[in-house]
Every structure is written in structure tokens, then in C-alpha cells.
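Please read them beside the sequence and the coordinates.

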Amino acid sequence: RHAVRGYVVLQHGVRLDRPVQAYQRWLDRLPAVYATAVLNHPPEGARVTPADDPHCLAQLRHSRA
């Protein structure tokens, strides 16, 4: 059996049709931090975004109530 490893991203609510910049910077760091802290190996050479990361299982859209 193979255990599925990965993370799910909840996109931040947008303001004026743009994501909040501080949240976007944090989100862009997620693949490298996940590779180092969870998988225990350094991230690959090229900078990977969650959209391109095979370990990102899903990106959920924020829904306003």
C-alpha cells in the first residue's frame, strides 16, 4: 500500500480581484517548506509554485459567506 502525501491549499479571499500580497508570498514558500520539513529532502533546484507541485493535492477556492 502506498500512503498519499501532500497538502491542500485554501486560497485567500481576494481584495479588488487580487490576492493579498503577504498571503501570496507565504503560499509561494509552501512547496519548499513541505519538501524540507515533511519529506526530509531539499526542494528541487527550480522554484516550484503550489500549482506546479505534485505534492499539492488540491487548491480550494475561498467562498465568502
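1. Where does aspartate 53 lie? Aspartate 53 is in the loop between helix 1 (21-37) and strand 4. Helices (H or I, at least four residues) and strands (E, at least two) are DSSP runs, numbered from the N terminus.

2. The model is predicted: local features need pLDDT of at least 70, side-chain atom pairs count only at pLDDT 80 or more, and totals for chains, interfaces and linings use all residues. Residues are numbered from 1 along each chain as its sequence is written, and side-chain values use heavy atoms, with hydrogens and water left out.

3. The protein has 1 helix and 4 strands, in the order β-β-β-α-β along the sequence. Of its 65 residues, 20% are buried (buried is under 20% relative accessible area, exposed over 50%, partly exposed in between; 1.4 Å probe, protein chains only). The accessible surface is about 5,600 Å², and carbon and sulfur atoms hold 54% of that (Shrake-Rupley method, 1.4 Å probe).

4. Among contacts with a separation of 6 or more, 58% are between residues 24 or more positions apart. Contact means heavy atoms within 4.5 Å.

5. Strand 1 (residues 7-10) has Tyr7 and Val9 on its covered face, with Val8 and Leu10 on the uncovered one. In a regular strand the side chains alternate between the two faces of the sheet. Strand 1 runs parallel to strand 4 (residues 56-60), joined by 4 bridges; two strands pair if DSSP finds at least two bridges between them. Valine 8 has alanine 58 of strand 4 opposite it.

6. Why does valine 9 count as buried? Valine 9 counts as buried because its relative accessibility is 2%. Leaving out residues up to four places away in sequence, valine 9 touches Tyr23, Leu27, Leu30, Pro50, Cys56, Ala58, Gln59 and Leu60. One of these, leucine 30, is 21 residues from valine 9 along the chain, with 9.2 Å between the C-alpha atoms.

7. Aspartate 53 has a relative accessible area of 9% and is therefore buried. Apart from neighbours within four places in sequence, aspartate 53 contacts Tyr7, Pro31 and Val48. The C-alpha atoms of aspartate 53 and proline 31 are 6.6 Å apart, and the two residues are 22 apart in sequence.

8. The largest pocket holds about 260 Å³ of space. It has 17 lining residues, and Pro31, Pro43, Glu44, Val48 and Asp53 are the closest to its centre. A pocket here is an open set of points on a 1 Å grid over the protein atoms alone, where a 1.4 Å probe fits, with protein on both sides within 12 Å along at least five of seven lines; lining residues have an atom within 4 Å of a point. The lining divides into 8 nonpolar, 3 polar and 6 charged residues (Asp, Glu, Lys and Arg count as charged; Ala, Val, Leu, Ile, Met, Phe, Trp, Tyr, Cys and Pro as nonpolar; the others, Gly among them, as polar).

9. Asparagine 40 is another residue in the loop between helix 1 and strand 4. Asparagine 40 counts as exposed because its relative accessibility is 68%. Its phi is near 60 degrees, a positive value in a residue other than glycine. Most residues other than glycine have a negative phi.

How values were computed: Points joined across faces, edges and corners; volume = space filled by probe spheres on them.
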